[in-house]
Amino acid sequence: MNLFIKKILVLVTILTSTYLFLGFFADGYTDPFYLRFTSPKQKSLIIGTSRAAQGIQPKLLNENLIHSRYKPVFNYSFTLLHSPYGETYFNAIKAKVNDKINDGLFILAVDPWSISSRNNINYEIETKKELGRLQFYNMNPNYDYLMNAYRNSVFGLLNKKDTSMLLHQDGWLEVNVSMESDELLRRKLFKKKQYLDNAKIYEFSKKRMFWLHKTVEFLQKYGTVILVRIPVGDEILKIENTFFPNFDLVINQNFLNISYLNYKEFGNEYSYIDGNHLYKKSGEKFTLKLAKDINNIIVCNSLN
Amino acid sequence: MLFNSFEFLLFLPTVFILYWFVFKQRKSQNILLLVASYVFYGWWDWRFLSLILFSTVVDFTLGLALSKSNDLSKRKYFLWISLCVNLGLLGFFKYYNFFVDSWVESWGNFGIQMHRSALNIILPVGISFYTFQTLSYTIDVYRNKLDPSKDFIAFATYVSFFPQLVAGPIERATNLLPQFYKKREFNYERAVSGMKLILWGLIKKVVVADTCARLVNLIFENYQNESGLALVMGAVFFAFQIYGDFSGYSDIAIGTSRLFGFDLMRNFNYPYFSRDIAEFWRRWHISLSTWFRDYLYIPIGGSKGKQLVKIRNVFIIFLVSGFWHGANWTFVFWGGLNALFFLPLLLRNKNRKNTNQVAEKRLTPTFQELLQICITFSITTFSWIFFRSETINDAFVYIERIFNFSNFIPDVIKHKKGLPIILIFIIIEWFSRKQEYAIVLDKKLRYVFYLIFAFVVLYYASIQKNSTFIYFQF
């Protein structure tokens, strides 16, 4: 019996230590999400989908926000499939917020899709994705993520092939793609088709709206909440306006006491990698503008 | 709880240590196994433990009642109660909606629209397996082949024994129940063979079945846009998916049982090296085939009697076997198809022609044997198309599209991922076909191979998250 147990222990030790060792190779190139689950609980968060993940750069916000009490800001946005407003995202946010403070800043990116659901499936798609599979959101290395959510083998951590995406420690997703006109056009056409298809299968969800309310109410306990509509290209905006014409009205009516920074009319001032996501240079410009507007709001609020 | 889950990785060593080091008495070991089995099952949904417990109490009580009665009519009555309760539960949870839908549809064919009142019934995991196991007990007690159990804990542990509770092998009471009455001693050789079976089972499941599963899902869900060759590949991948998945589960179940000093029956014996369909059915899901043989086929006459009776019996056993797999006409059709393949052998008395091991004293098969193996594999794979498809119509369209000969080369490239794994798997299985499991290695190098196998499992297991076992749905 002892011999048997010793042999099994040796085997288990080798396998476990290999696995644990490999976990240390996970970094910003691992995938577009991993690092967001390795940071400790955060004081200030950027919340939303991939538009916010790529378009708002926490480093620039930290440099340009006048009040140091909000810093550091952490980008905790994912994608439309992963983090539309809902119970799954709410739980992930709850786990990430430092509940010992009450002077944080929470930038919630909203758009017609993030409060809509697909009508061709009878479950919330994000429950099956990364956020829905996790128990631990603040662990480094995050073995919970590597075991239950990471889509490749842990051995793949040794071999980083995709360098087009880099997730920064502050949660900003830097995307490096060719902006050559051919490539750009191809991506734009693809994204346009994708959103035209989405418009057919998505519809406004009362449930998602409920969870947006709940998220706002929850975050208000820990600081200032600001709603933001991130700019997009003309074509996507056109689809959005048709899909959800009174979106801004709905947001304004539902969140009377919350500042809503709506940049949808300024889409032409920026460039996009696919008509939907801000190119990183434009992301810089947009973040600076956002920081400036947030500073104004905070000054106004303090005067009131 | 799944065998390929992190929870099981903690559960198994915990129960193992408690079993051998803390609960050393037979009775306390049985209690531990019972509690562990209920935890194992309750991990999925604790509410359905009540079904197992109910089934256990009913059959335990009926077993005792049967032992006290010599009156044949009374004994028959007790047997019928067991059959009605067990098959009733199975029928309700597994087949209720199927019968309601079929009833409504059949009236719909005559232009009569009926209101569909299907219930939202959850299929309890493993119900088909433990129901058959408890039935085997009552029938054997009724036939006086087995003394009824007077030890409720031993009997309850027999019904719910966690290694084989949710997907078999379907154990006979005559084999497994007496093992709960005896003191178990730790046996090093047996435990090592158990570990090897677990490792090989994991390879079958995590490496072979799960890799094939991804390709199968891709092809079957998109079969209308795939070429003929891709569809053939999809069917072949499914053949290996279901084999790797189910036989892998059985290996892990048998291996786990050995760690606790129990011997379960063999469930698979290299079925894809069979030379005819009769041999295939002697090597595939052996515990179910022999269950049906002993409790259904032989009681209705078996292969004795007139030709028509023989044909009827073959169809009954295959159709029922198909229906056992699931509440869908595709399974029934799959069963019927196998009956058709089997029938010519039975009618020509050739169904027991290939009872020995293929190429028993040779390294490679003869050309004739190879041809027979290929033909048997092809017809088996053909029938798997019905098993995998959502509807019979889908299966027919799938088969029809196989004869679409466009786009051959790109498809091979697109789906090539599974081919090397299948090829290596076939080679390993071929060279191990005389053994119980494929991990029989040279003494000096065995640790290197164990490590390689273990790392391969770790590699693939870290890709395939949350993959379940196909047979859980049955």
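Arg229(A) stands opposite Asn262(A) in strand S9(A). Strands (E, at least two residues) and helices (H or I, at least four) are DSSP runs, numbered from the N terminus. The model is predicted: local features need pLDDT of at least 70, side-chain atom pairs count only at pLDDT 80 or more, and totals for chains, interfaces and linings use all residues. Residues are numbered from 1 along each chain as its sequence is written, chains are lettered from A in the order in which they are written, and side-chain values use heavy atoms, without hydrogens and water.

Strand S8 (residues 223–229) of chain A pairs with S9(A) in the parallel sense over 4 bridges; pairing requires at least two DSSP bridges. Both strands belong to an open, parallel sheet of 5 strands, ordered S2-S1-S3-S8-S9 (chain A). Strands S2 (73–75) and S9 (259–262) of chain A stand at the edges, each with a single partner strand, so one side of each lacks a neighbour in the sheet. The twist averages 20° from one strand to the next. Angles run from 0 to 180 degrees between N-to-C directions, with axes fitted to C-alpha atoms, for helices over the stretch in contact. Helix H10 (residues 247–254) of chain A lies across S8 and S9 of chain A, at about 165° to S9(A).

In chain A, 22 residues are in contact with 21 residues of chain B (heavy atoms within 4.5 Å). Between these chains, the count is 0 salt bridges (a Lys or Arg side-chain nitrogen within 4 Å of an Asp or Glu carboxyl oxygen). Helices H1 (2–23) and H6 (143–148) of chain A each supply at least two residues of the side touching chain B. The largest share, 10 residues, comes from H1(A).
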